[in-house]
Amino acid sequence: GRYIEPFLSVGWTLSFEVLFYSAMAASIFLRTWVSRPAVLVIAFFLAAMSTRALFHTAVLDFLGNPIILEFLFGIGISMMLQLTGPNRRLAVGISVLVVLVLTYQLIFGFGGISESKFIQGGELSLRRAIVWGLPAAGIVYATLLFGNPSSEGSLRRFLAFLGDASYSIYLVHLLVM
């Protein structure tokens, strides 16, 4: 009837990742019957979030936790890229907007939205998705609009290496510290 934090304290994020990847695997399975399965995944999680507001059960608190919005932003980015393709003007606009939002956040603070107990329970998940998730999605989207994925070079390889290593570093950084 409640969430139990894993032994490795940062492992709580894995619960949400497994949930999201399970939903995406289901969408791959459903694409033989549904033309836009990603829309179905988005609708499912938005419905779970809406239902969570009405009925607080452990299952709905997990399935409808607003932190899932951060994953849905990634689906949205994919769908937008399919519609717009690379567009440097749009990338510059998004970059400027992200810089302004992050500057605002640095000046006025983040408000404790990194505390896992408030995210796991869902109390601050919506605020986190807006304050951190939207700018992060903007950075990813603008990078994809700017970047040329076919270009190769030492900087790109180094950045790809850091990206590959980032989650492993995240999982072990507390043990190392």
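**A tour from the surface patch to the cores**

Select Leu155, Phe158, Leu159, Phe161 and Leu162: together they form a nonpolar patch on the surface with about 530 Å² of accessible area. A patch is made of residues with over 30% relative accessible area and no salt bridge; nonpolar side chains (Val, Leu, Ile, Met, Phe, Trp, Tyr) are joined within 5 Å, and like charges within 9 Å. Accessible areas come from the Shrake-Rupley method with a 1.4 Å probe, and for residues only the protein chains shown count as cover.

This is a predicted model: local features need pLDDT of at least 70, side-chain atom pairs count only at pLDDT 80 or more, and totals for chains, interfaces and linings use all residues. Residues are numbered from 1 along each chain as its sequence is written, and side-chain values use heavy atoms, with hydrogens and water left out.

Stay on Leu155, which is found in helix α8 (residues 154-176). Is Leu155 buried or exposed? Leu155 is exposed, with a relative accessible area of 58%. Exposed means over 50% relative accessible area, buried under 20%, and partly exposed in between (1.4 Å probe, protein chains only).

Helices (H or I, at least four residues) and strands (E, at least two) are DSSP runs, numbered from the N terminus. Of the 177 residues, 28% count as buried.

Next, select Val41, Phe45, Met49, Ile68, Leu72 and Ile75. Of the 18 residues in the largest nonpolar core, these touch the most other members. A nonpolar core is a set of buried Ala, Val, Leu, Ile, Met, Phe, Trp, Tyr and Cys residues joined through side-chain atoms within 4.5 Å. Helices α1 (12-30), α2 (37-54) and α4 (68-84) each give two or more residues to this core. Pick Phe45: leaving aside neighbours within four places in sequence, Phe45 is in contact (heavy atoms within 4.5 Å) with Leu19, Ala23, Leu63, Ile68 and Leu72.

Finally, look for the salt bridges, of which there are two. A salt bridge is a side-chain nitrogen of Lys or Arg within 4 Å of a carboxyl oxygen of Asp or Glu.

- Asp61 and Arg52: the closest N and O atoms are 3.5 Å apart. Asp61 is partly exposed at 22% relative accessibility, while Arg52 is buried at 10%.
- Arg128 and Glu70: the N to O distance is 3.0 Å. Arg128 lies in helix α7 (residues 125-146) and Glu70 in helix α4, so the pair ties together parts 58 residues apart in sequence. Arg128 is buried, with a relative accessible area of 15%.
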